[in-house]
Amino acid sequence: MTAPASPGAPPRARVRSSGGPRGAGIAVVVLAVALSVAAPQFLSVDNFQVIAYSVANLAVVAFAQMVVLAAGGMDLSVGAIGGLTAVIVGGLMEVLHVPPLIAVLVGLALGGVAGAINGVLVVRTGLSAFIVTLATASVYTGLNLGITSGKPFYYLPDSFKSAGSLDIAGVPVLLLVTLAIAVALWFLFSRVGLGRQILAMGANQRAAELAGVPVERSRIVVHAIAGFLAAAAGIILTARLGVAQPTIGTDWLLSSFAAPIIGGTLLSGGYLSIPGVVAGALLLTLVANGLIQLNIDPYWTQLVSGLMILAAGGIDRIRALTVQRMERTERFALANTAPPKDG
Amino acid sequence: MWHGLVRWDLASVALALVVICGVLSFAVPAFHSAYNLRALSFTVAVTGVVALAQVAVLSVGQFNLALTAIGAMAGLAAGWLMQVAGLQWPLASALAIAFGCIAGGVQGIVIVRTGINPFIVSLALAAAYFGAMLGLSRGTSYNQLPSSFVALGRATVFGVPLLLVVSLVVAIAVVVLFQRTVSGRRLLATGANARTAMMSGVATNRMIVAAHVLSGGLSAVAAIMLVARLGSAQPSLGSEWLLPSFAAPVLGGTLLTGGRVLVAGTYLGALLLAVIANGLVLFGVSAYWYQTLLGIILLIALAVERGRQSYVLRNHL
């Protein structure tokens, strides 16, 4: 996903290609090596599966937030949509005996609709995405609790549950699903006009609008994609747990921001890195896993995640400053070579 | 009459309150029983201070997502100081409030010094504070609090719960700060337009840190009030505060973008939220639906407020 780091490339591309995704990748490798030395159980097949399942879910959660961040927005309702679709899919299968495939498709469609509602509200009311999605998150969580009264759906069809624990040559099928989603997103953002329009809108909404990007429609589509991905993450987690729990998604907010930012997605919009998000999700998972492997109280996980996102925010800031400085130097160089303008 | 009503900042929230209270007192006689009114006033007392903690940072145009974690930390610290360290409640409360101020101040300093996106700083510190609180407390709660402290939660002054009196005193102090002091005007100037404020000689960075200190302190006050009311300090303290902390000020006309603070409106907003939750209970609706309703009400209120403002602008009222 990174732009070529040739000397002729514009400064933004050069800074970005040297930034987040590679750093996150290096951190993942260093941490993995350190953990395999420090904790003997880290390299076991069981632990690999635990990590794979966790990343499969977390990466999709992070993709949902990444798409909105790239468009210069945010979505606080990612977890609420994930939880709501998880219980709806569970309820359809357990109570209404809907075949799993149809239930999953309905769940994904509903996630897309919930996201589109966010988008329509943001566009039509002109309110900030923060306050709109804070409110809709409450609506979706309330619907989830109202439907379930806080009780999980336990009796899901065996075919659905077995899909969650199936693996091909030791690689969980759910991880393959996540990789397929990653490839689809890569295709969208590098090969499809809509993806470029979303990035243009995130970099500079006004300029994108003047260049003919239908910004209102694109913003609704962005939120719909995020809702769809949040639903996918909810369904992946349900399949892995074998239970549709109403609490799914309650703890997604922090990691949904942390993984993209660690992986180099700019908070200010206009740039994303899909391998970076995967590396970010892997890093967060390894840290949580490492704390357990080293017998450190899991209570501390949140503290470490918080400090990690703060560090990632710092790197994001340095990167933004470097871009500014390079652009200023470039403008200065241009001003010195170009003939002076009148007035 | 109509123009006056439309121009009144609190029109939307006041109208909603009158309608809902009217319906409730007709439909459910238990609504205006002394017992129910006391329960309502306790809720408003705590929610009001929580909302003021958010208002403190909204005044400079920022958010405090960590106020739930700061509240939980301060509440547990107060519980620990009283139960384990054996301090008297006034000293324990003062230390817990100081602790809240420090936690808020750290947030403000990180935002100002590093220039990292304030939303991300607050999100990260919310997790860090919550993790530190869980790591240090290991999920324990403190139930053996001094009886003199727990009595405060039930005490009344001329029939009015003491906690509501405390809450209103805090509110008046915040009003005085924003309306009558230079520092308050500087906070609002920073929120309205940081660049202009800086050009006019306001130390905007110092104002942002001050707003976060105030916000942390008020979160701690709300937490101590809730501990007194519940009679125990738990790690889950304040976990439900985030949405109301934004909803109450916004319902009452405080701007999310900064520069405009309405304390009375914030309390009307807190009252509206409390009455709605109370109404659901009285009508026997499952509490699980409360969140849905809360979200819908917030969206409607935001849309109405926006419509009102553009009407006022369009018609040059």
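Trainee: Leaving aside neighbours within four places in sequence, which residues is B:Gly216 in contact with?
Mentor: The model is a predicted one. B:Gly216 lies in helix H11 of chain B. Setting aside neighbours within four places in sequence, its contacts are B:Ile70, B:Gly100, B:Cys101, B:Ala103, B:Gly104 and B:Gly105.

Trainee: Is B:Gly216 buried or exposed?
Mentor: A residue counts as buried if 20 or more other C-beta atoms lie within 10 Å of its own. B:Gly216 has 33 C-beta neighbours inside 10 Å, so it is buried.

Trainee: How far apart in space are B:Gly216 and B:Val106, C-alpha to C-alpha?
Mentor: In sequence, B:Gly216 and B:Val106 are 110 residues apart. In space, their C-alpha to C-alpha distance is 9.6 Å.

Trainee: How do H3(B) and H11(B) run, roughly parallel or roughly antiparallel to each other?
Mentor: Helix H3 of chain B covers residues 34-58 and helix H11 of chain B covers residues 204-230. Their axes are 7 Å apart and the packing angle is about 165°. Angles over 145 degrees count as roughly antiparallel. H3(B) and H11(B) are therefore roughly antiparallel.

Trainee: What is the handedness of the crossing of H3(B) and H11(B), and how many residues of the contact are nonpolar?
Mentor: The crossing of H3(B) and H11(B) is left-handed. Among the residues making the contact are B:Phe42, B:Val46 and B:Val49 of H3(B), and B:His212, B:Leu218 and B:Arg229 of H11(B). By class, the contact of H3(B) with H11(B) has 1 charged residue, 3 polar and, as asked, 16 nonpolar.

Trainee: Which element gives the largest share of the largest nonpolar core?
Mentor: The largest nonpolar core has 214 residues. Those with the most contacts inside it are A:Phe63, A:Val67, A:Leu229, A:Ile309, B:Met73 and B:Tyr129. The largest share of this core is 17 residues, and it comes from H11(B).

Trainee: Which residues is B:Met73 in contact with, leaving aside neighbours within four places in sequence?
Mentor: B:Met73 is one of the residues with the most contacts inside the largest nonpolar core. Leaving aside neighbours within four places in sequence, B:Met73 is in contact with B:Phe99, B:Ala103, B:Tyr129 and B:Met133.

Trainee: At roughly what angle do the axes of H4(B) and H5(B) cross, and is the crossing left-handed or right-handed?
Mentor: Helix H4 (residues 67-83) and helix H5 (residues 89-114) of chain B have axes that come within 9 Å and cross at roughly 150°. That makes H4(B) roughly antiparallel to H5(B). H4(B) passes H5(B) in a crossing that is right-handed.

Trainee: How many residues of the contact of H4(B) with H5(B) are charged?
Mentor: On the H4(B) side, the residues include B:Ile70, B:Met73 and B:Leu81, and they meet residues of H5(B) including B:Trp89, B:Phe99 and B:Gly104. The contact of H4(B) with H5(B) has 13 nonpolar residues, 3 polar and no charged.

Trainee: How do H9(A) and H11(A) lie, roughly perpendicular or roughly parallel?
Mentor: Helix H9 (residues 193-203) and helix H11 (residues 215-241) of chain A pack with their axes 10 Å apart, at an angle of about 105°. Angles of 65 to 115 degrees count as roughly perpendicular. H9(A) is therefore, relative to H11(A), roughly perpendicular.

Trainee: Which residues of H11(A) are met by residues in H9(A)?
Mentor: By class, the contact of H9(A) with H11(A) has 6 nonpolar, 2 polar and no charged residues. From H9(A) come A:Leu194, A:Gln197, A:Ile198 and A:Met201, and in H11(A) they meet A:Val215, A:Ser218, A:Val221 and A:Val222.

Trainee: Which residues of chain A does B:Leu134 touch?
Mentor: B:Leu134 is found in helix H6 (residues 118-137) of chain B. With 22 C-beta neighbours inside 10 Å, B:Leu134 counts as buried. Not counting residues up to four places away in sequence, B:Leu134 touches B:Gly139 and B:Pro235, and from chain A, A:Tyr299 and A:Gln302.

Trainee: What is the phi of A:Ser149, and is the residue buried or exposed?
Mentor: A:Ser149 is found in the loop between H6 and helix H7 (158-165) of chain A. Its phi is positive, about 50°, although A:Ser149 is not a glycine. With 10 other C-beta atoms within 10 Å, A:Ser149 is exposed.

Terms used:
Residues numbered from 1 in each chain as written. Chains lettered and ligands numbered in written order. Predicted model: local features only at pLDDT ≥ 70, side-chain atom pairs only at ≥ 80, totals over all residues. Axes fitted to C-alpha atoms, helices over the stretch in contact; angles between N-to-C directions. Helix = DSSP H or I, 4+ residues; strand = E, 2+ residues; numbered from the N terminus. Parallel < 35°, antiparallel > 145°, perpendicular 65-115°, else oblique. Left-handed = near helix turned anticlockwise from the far one by under 90°. Contact = placed C-beta atoms within 7 Å. Nonpolar A, V, L, I, M, F, W, Y, C, P; charged D, E, K, R; others polar. Core = buried A, V, L, I, M, F, W, Y, C linked by C-beta atoms within 7 Å. Buried ≥ 20, exposed ≤ 12 C-beta atoms within 10 Å, placed from the backbone.
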